[in-house]
Amino acid sequence: MRSSLLSILTMGPAYGFQLHGELGARTAGRRSVNVGQIYGTLERLVAQGAVESAGSTTDGLPLYRLTVGGRSEAVAWLHGTTSSAGEDWNEMLERVLIASSLPDVDVGAIVGDYREAWAARLRSDAQTPARLHDAGGLAGLSLAADDALAHAALTWLDTVSARLAASGDEVFHRELSLERPKRGRRPALTPAL
């Protein structure tokens, strides 16, 4: 979620509940988190120097913006293809979906990089054709799952490429929503003395 929030903030300052809605909308509902997790992540990002205060909205919601380091981290994540163990598929989906919703991001290059990464996995597997045959039991099932995942990823990436080519990537772009939240974290009121 950290990298996704940083990527969305490349569009400009936003408040926590706004980022909550943007994350859900830009991942087509695939990424659902509690709004409290958003604010907790924002607080950690501020402490780590990736995000800073950008003042507040007219009704008191705190705004956050990227620092130079946060922007660099967001761009590096968007254009990367590595993920933590077991998260290859989900992180690829999130990166490509979010990247396709952002203006000024070369989604075709991101898709191409992912295609090459998944194809390299298959080429690596092809260099040892007896790998699946020789592996028995759970190891064989695990290797077969890796192979199936790589094929599925390539198929999905081909679909993304075809849809981008058919409609142009700008059709997927969206600006930050200006819809006001029904709720949101507002600064604590100080009692009158």
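The protein contains 8 helices and 3 strands, taken as DSSP runs numbered from the N terminus (helices H or I, at least four residues; strands E, at least two). Along the sequence the pattern is α-β-α-α-β-β-α-α-α-α-α. The model is predicted, so local features need pLDDT of at least 70 and side-chain atom pairs count only at pLDDT 80 or more, while totals for chains, interfaces and linings use all residues. Residues are numbered from 1 along each chain as its sequence is written, and side-chain values use heavy atoms, without hydrogens and water.

The 3 strands form an open antiparallel sheet in the order β1-β3-β2; pairing requires at least two DSSP bridges between two strands. β1 (14–15) and β2 (51–56) are the edges, each with a single partner strand, so one side of each has no neighbour in the sheet. β2 and β3 (residues 62–66) pair over 4 bridges. V51 has L66 in β3 as its bridge partner.

Salt bridges (a side-chain nitrogen of Lys or Arg within 4 Å of a carboxyl oxygen of Asp or Glu) number 6. R26 pairs with E22 at 2.8 Å. These residues lie 4 apart in helix α2 (residues 16–26), about one helical turn. R26 is buried at 3% relative accessible area, and E22 is buried at 1%. Buried means under 20%, exposed over 50%, and partly exposed in between (1.4 Å probe, protein chains only).

R65 and E52 form a salt bridge at 2.9 Å, N to O. This pair links strand β3 to strand β2, 13 residues apart. R65 is partly exposed at 35%, as is E52 at 34%.
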